[in-house]
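Reader: I have a structure open and want to understand how its parts meet. Can we go through it in short steps?

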Amino acid sequence: MPEAGTLERPTTREEAWRYADGAWLAQAPVDYLQHWGTVEVPPGETKHFNAFTHSGPQASGGSVRRTRVHVGAGGRYEHFEILASGADYSRVELEVTLDQGAHFEFGGVIIGNRASRQEFVTRVIHRAPDATSNQVVRAVQAGQSTGNYLGRIEVARDSQKTDAGQNFRAILLNKGASANAKPELEIFADDVKCAHGAAIGQLDQAAAYYMAARGIPPEAARKLLVQAFIADALAAIDDRRIADRMLERTLEQLDGAGL
Amino acid sequence: MLQISDLHATVGEKPILKGLTLTVPAGEVHAIMGPNGAGKSTLSYVLGGRPGYEVTGGSVTFNGQDLLELEPHERAAAGLFLGFQYPVEIPGVSNVQFLREALNAQRKMRGEEPLSGGDFLKLAKEKAALLRLDMEMLKRPVNVGFSGGEKKRAEMVQMGILDPAFAVLDETDSGLDIDALKVVGKGINAIMRAPGKGVLLITHYQRLLDYVKPDRVHVLADGRIVQSGGPELALRLESEGYDAVMAPEAANA
């Protein structure tokens, strides 16, 4: 284990930390910030990770969770996570290295309110041919909150037939809320498919009025629309009971936040 | 049942309705026809309370209630149904979920018990069959991937399920082929032809009126009703055109 003095403190001058909470980073313990967990998926096997992070209304401070994942040939890693923490700063970072024919599936949801700042940061390394990855992130921002998605995809030389997709959409419920998207592609192979998309907007007003015209009150309409919006990120969960439960808990958070 | 009196409305500062007066008694179907830009769709949105459509004068009374005082969802619960010229797509929300939520929200506002899942599905199946819409389509997201005709039939299924007292149907006939027009016309009659109900049909063409026979026909031009008559007025408009039928009116004015 390296000495604390040899570890560098990340700052918002670095690209991968540009939207982070600089003030919190400046005082957090360096070894905490530079700690990486690891997940090893053996060839041909599948590992799942489902998480729902939330905290009470009095939460403060920050949290950073960084994980390195290695997926062996033909293996799968599926990670679904909902960030609904009211803390000042929350960061979930994944660095996923894919061997031949491996797959990475990621669904992330950010529910932000008050002045929280939450982010998903992913770096997906397609280091061998035929690997695939699919990432869908949805952010619902209320109050003065900020939601970020920084997604980097690297395709190594000779990683032919790579198919990598990432899609980020955010809706801002209040003036003062914000979202940042930073897709990054680094491709050194020529026979690959890499798709990325990002959109930041408001709740669909035409749909909200259509619902009102059928008798659905504004709060219920908003809830239905938000539910439909975040469900995209959980659509790839095979076990629908898990998906439904995650969705339900997310909606409870929305209710609790008075959204 | 519906009394519109000297109604003025603007859309983004621009006056569109300029003193529109119209009464539809219970048990009647009235048709509104008129050239493009006359204010037909604006009238339907003003009645439905769509944001951006501002009433600057006049009144609308619905079953003795001041309609303009109510929020859009309260108007629906009071029994008003607005058929959209362009039904809206809502990805991620199924028709079944949407309509059950809508029906139970309306029932709640009226102080009625919510309908159970089973009873709701039975009702939905019955109305889908009436409009010859595959029940499978109701399990799909609202209007997503529906053809123009399917959207209009889905609107009428919604109307059947919600069972409103009064329907304002804005060009429900557009985008329908002849067979679908017949199905939709029959559906409107089955759902809305009743002593305590009323319909305001907004249309460009006579053809829907072959299936849904209007009691009265009104011509809307430049934000006002300029002429009213029986069903024969629609036939005259169809054969002679708006200019010819409206010309004597303009000459008198």
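Reader: How many residues does the contact take from chain A and from chain B?
Author: This is a predicted model. Contact here means heavy atoms within 4.5 Å. The contact takes 18 residues from chain A and 31 residues from chain B.

Reader: Which residues in chain A lose the most area to chain B?
Author: The two chains bury about 1800 Å² between them, with 70% of it on carbon and sulfur atoms. On the chain A side, three residues together make up 45% of what is buried. They are A:Tyr209, A:Tyr210 and A:Arg214.

Reader: Which element gives the largest share of the side of chain A that touches chain B?
Author: In chain A, α3 (205-213) and α4 (218-234) each supply at least two residues of that side. The largest share is seven residues. That share comes from α3(A).

Reader: What about the largest pocket: which residues lie nearest its centre?
Author: About 530 Å³ of space lies in the largest pocket. Its lining draws two or more residues from each of α3 and α4 of chain A, and β4 (53-62) and α2 (72-77) of chain B. The lining has 23 residues. Nearest the centre are A:Gln205, A:Ala208, A:Tyr209, A:Ala212 and B:Pro51.

Reader: How do the residues of that lining divide by class?
Author: α3(A) gives the largest share of the lining, five residues. By class, the lining of the largest pocket has 15 nonpolar, four polar and four charged residues.

Notes
Residues are numbered from 1 along each chain as its sequence is written. Chains are lettered from A and ligands numbered from 1 in the order in which they are written. This is a predicted model: local features need pLDDT of at least 70, side-chain atom pairs count only at pLDDT 80 or more; totals for chains, interfaces and linings use all residues. Side-chain values use heavy atoms; hydrogens and water are left out. Buried area is the accessible area (1.4 Å probe) that two parts lose on being put together, summed over both. Helices (H or I, at least four residues) and strands (E, at least two) are DSSP runs, numbered from the N terminus. On a 1 Å grid over the protein atoms alone, a cavity is a set of points where a 1.4 Å probe fits but cannot get out, and a pocket is an open set with protein on both sides within 12 Å along at least five of seven lines; lining residues have an atom within 4 Å of a point. Grid points are joined across faces, edges and corners, and a volume is the space filled by probe spheres set on the points. Ala, Val, Leu, Ile, Met, Phe, Trp, Tyr, Cys and Pro count as nonpolar, Asp, Glu, Lys and Arg as charged, and the others, Gly among them, as polar.
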